[in-house]
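The stops below are intended to be selected one after another.

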Amino acid sequence: MMIAGLGMGILLVGATTVLSSGIRAEDAGAASGLLNVMQQIGGALGLAILVTVFGAATRASRGPAHQVLTEGITAAFTVAAVFTAAAILLALTMKTRSAPAAAEEPTR
């Protein structure tokens, strides 16, 4: 639990900083709200998918209880690893957009 808490603390702060760094001041509130909503939905959806994979793997498995549990956990961790690899690949291949240059106002 301590390792998970430390890792999530580092990841969420870093992701929030990177994702909100190029946002204009007037869009900061909307961007922050969207980021928080996506983190909450992503966590809930990810957990639901992993629980479903675990349940399907344990229902399909036969044998002693510890073997069934091991097969379910292995299947769930495999799917989690695939999600993680896809997220890393997506993050590495996304192009960054620079903010449009502010139009200069003519002097009066």
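This is a predicted model: local features need pLDDT of at least 70, side-chain atom pairs count only at pLDDT 80 or more; totals for chains, interfaces and linings use all residues.

Residues are numbered from 1 along each chain as its sequence is written, and side-chain values use heavy atoms, with hydrogens and water left out.

**Stop 1: the whole chain**

Display the chain as a cartoon. It has 3 helices and 0 strands, and along the sequence the pattern reads α-α-α. Helices (H or I, at least four residues) and strands (E, at least two) are DSSP runs, numbered from the N terminus. Of the 108 residues in the chain, 8% are buried. Buried means under 20% relative accessible area, exposed over 50%, and partly exposed in between (1.4 Å probe, protein chains only).

**Stop 2: helix α2**

Select residues 28–60, which form helix α2. This helix has 33 residues and reaches 48 Å from its first C-alpha to its last, close to the 48 Å expected at 1.5 Å a residue. The expected span is 1.5 Å times one less than the number of residues. Which residues of α2 are buried? They are Leu35, Gly46, Gly55, Ala57 and Thr58. These buried residues pack against α1 (2–20) and α3.

**Stop 3**

Move to Ser61, in the loop between α2 and α3 (65–93). Is Ser61 buried or exposed? Ser61 is buried, with a relative accessible area of 6%. Leaving aside residues up to four places away in sequence, Ser61 touches Gln67, Val68 and Glu71; contact means heavy atoms within 4.5 Å.

Now select Thr78, which lies in helix α3. Thr78 is partly exposed, at a relative accessible area of 45%.

**Stop 4**

Show the side chains of Arg24, Glu26 and Asp27. Side chains of opposite charge can pair when their charged atoms come close. The structure holds 2 salt bridges, a salt bridge being a side-chain nitrogen of Lys or Arg within 4 Å of a carboxyl oxygen of Asp or Glu. Arg24 pairs with Glu26, their closest N and O atoms lying 3.5 Å apart, and Arg24 also meets Asp27, at 2.8 Å from N to O. Through shared partners, the salt bridges join Arg24, Glu26 and Asp27 into one network. Glu26 is exposed, at 60% relative accessible area, whereas Arg24 is partly exposed at 47% and Asp27 is partly exposed at 30%.

**Stop 5: the nonpolar patch**

Finally, select Leu34, Val37, Met38, Ile41, Leu45, Ile49 and Phe83, which form a nonpolar patch on the surface with about 630 Å² of accessible area together. Patches are made of residues with over 30% relative accessible area and no salt bridge: like charges are joined within 9 Å, nonpolar side chains (Val, Leu, Ile, Met, Phe, Trp, Tyr) within 5 Å. The largest share, 6 residues, comes from helix α2. Leu34 is found in that helix and is exposed, with a relative accessible area of 51%.

Key. Accessible areas come from the Shrake-Rupley method with a 1.4 Å probe; for residues, only the protein chains shown count as cover.
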